[in-house]
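Hi everyone, thanks for coming along today. Please have the picture open while I talk, and we'll walk through it together.

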Amino acid sequence: MNSSSADRRLYMLSHHLAGAIGNEGSGISSSPTSAGNSVFANVVRAPEDPILGVTVAYNKDPSPIKLNLGVGAYRTEEGKPLVLNVVRRAEQLLVNDRSRVKEYLPIVGLADFNKLSAKLILGSDSPAIQGNRVTTVQCLSGTGSLRVGAEFLSRHYYQRTIYIPNPTWGNHTKIFTLAGLTVKTYRYYDPVTRGLNIQGLLEDLSSAPSGAIVLLHACAHNPTGVDPTLEQWEQIRQLIRSKSLLPFFDSAYQGFASGSLDKDAQSVRMFVGDGGECFIAQSYAKNMGLYGERVGALSIVCRSADVASRVESQLKLVIRPMYSSPPIHGASIVATILKDRKLYDEWTLELKAMADRIITMRKQLFDALSARGTPGDWSHIIKQIGMFTFTGLNTKQVTFMTKEFHIYMTSDGRISMAGLSSRTVPHLADAIHAAVTTVG
């Protein structure tokens, strides 16, 4: 059939269908949209995300003294978003390289990025890397890394139950549930001491079935800012290995917590060092400030090189129908920085400066509350680590602070220390003091 004949048949068919739809006696009913009703008219409006909803409410507030402590992103002393100088330098190098193209990356992502990411979290001298026992795939930041790992486990692991700390990042439950895993919790935070409930943690994991998956925050636990000591990590490691549990690390803050990349990776390296298997999800959102670039990696440490190779082949089958292949720009920035000694050193200095500013904000807030004689023990503010502090404020106190002082945070009392500055610490301290003494 020639093209003109085919075009004529399509024209006649379209006219026939148009007439049939307009003919009431034809038996073909019109779609809801033709009568002005959407086929999605029964869709219920979803609630705002509890974390992102804080920013929505903040943006609607016209007050000049409003303060957003809900956002999980670093801010400068002036309250502005920060693009690291080293990131701008790396981007300029990429832009100036006329040989670079915009072709698709392989399913597993940028090879240099994957290799360097594994070395960053595991250490360049890691026996697992040297033995080719690690498979690393580039993913869409930490969230995507967790989801790809969860999908793989749902398809290929005999245990479908994952234990997550209580509390944990709000998205964890949704990620693992949608991937087909059953989510249970283990005790983590002690509201009385505002520290780690190590006894409850060990008891709950002791009761977990053999082979169960255990989600662990590598450092700077979100939302509490409470991390195990190295001695407690060793207790956790011994229990997990004795029960043949499978550790799945979420590493969102390497270098951002203490200012040291190696120190913040100690927990992961303890587990890899014993020769056992584990999953690690990495994000470069915080430590390189690449929030919107969505740069992350999933590393799976296996018993042998052969197993790692087969695992990677199946990860490709998870990724291909999900997003086909990852974006190139953010991963190229990371790889450019990690493989150049001068850029890497510059990054570590900027990273430590961010971590140090957050530690300084902790000290200033603690001192401000002490100066006001605010009832209670507030030492947990300087004992906790990382971007967030679990203040211990209750929902009523949080609501009071929002209404009376225009301070926005999640209802569980979590505040982002990165959103504070020397200028805003007194305002926050006044609000906390008023909330504690007024609302109780």
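Let's start with arginine 372, which is partly exposed, with a relative accessible area of 29%. On that scale, buried means under 20% relative accessible area, exposed means over 50%, and partly exposed is in between, using a 1.4 Å probe and protein chains only.

Before we go on, a word on what you're looking at: this is a predicted model, where local features need pLDDT of at least 70 and side-chain atom pairs count only at pLDDT 80 or more, while totals for chains, interfaces and linings use all residues. Residues are numbered from 1 along each chain as its sequence is written, and side-chain values use heavy atoms, with hydrogens and water left out.

Back to our arginine. Which side chain does arginine 372 meet in a salt bridge? The partner is aspartate 430, at 2.7 Å from N to O. A salt bridge here is a side-chain nitrogen of Lys or Arg within 4 Å of a carboxyl oxygen of Asp or Glu. Because aspartate 430 sits in helix H16 (residues 425-438) and arginine 372 in helix H13 (residues 341-372), this pair ties together parts that are 58 residues apart in sequence. Helices (H or I, at least four residues) and strands (E, at least two) are DSSP runs, numbered from the N terminus. Aspartate 430 counts as partly exposed, at 36% relative accessibility.

There is also a network to find: Glu234, Arg237, Arg241 and Asp274 are joined into one by salt bridges that share partners.

How many salt bridges does a search of the whole structure find? The count is 16. One of them links lysine 174 and aspartate 49, at 3.8 Å from N to O. Lysine 174 belongs to helix H7 (residues 170-178) and aspartate 49 to the loop between H1 and H2, so here the parts tied together are 125 residues apart in sequence. Lysine 174 is partly exposed at 40% relative accessible area, and aspartate 49 is partly exposed at 28%.

Another salt bridge brings together arginine 269 and aspartate 262, at 3.0 Å from N to O. Arginine 269 is partly exposed, with 23% relative accessible area, and aspartate 262 is partly exposed too, with 48%.

Now let's look at the backbone. Asparagine 166 and proline 167 are joined by a cis peptide bond, with omega about 5°. You'll find proline 167 in the loop between strand S3 (161-166) and H7. A cis peptide bond also runs from asparagine 222 to proline 223, with omega near 20°. Proline 223 lies in the loop between strand S7 (213-217) and helix H9 (230-242).

Is alanine 220 buried or exposed? Alanine 220 is buried, at 3% relative accessible area. Serine 141, in helix H6 (residues 141-156), has a positive phi as well, near 60°. Serine 141 counts as buried, at 3% relative accessibility.

Last stop, the surface. Phenylalanine 40, in the loop between helix H1 (3-22) and helix H2 (52-60), counts as exposed because its relative accessibility is 60%. Together with Val39 and Val43, Phe40 forms a nonpolar patch with about 340 Å² of accessible area. Patches are made of residues with over 30% relative accessible area and no salt bridge, with like charges joined within 9 Å and nonpolar side chains (Val, Leu, Ile, Met, Phe, Trp, Tyr) within 5 Å. Accessible areas come from the Shrake-Rupley method with a 1.4 Å probe, and for residues, only the protein chains shown count as cover.
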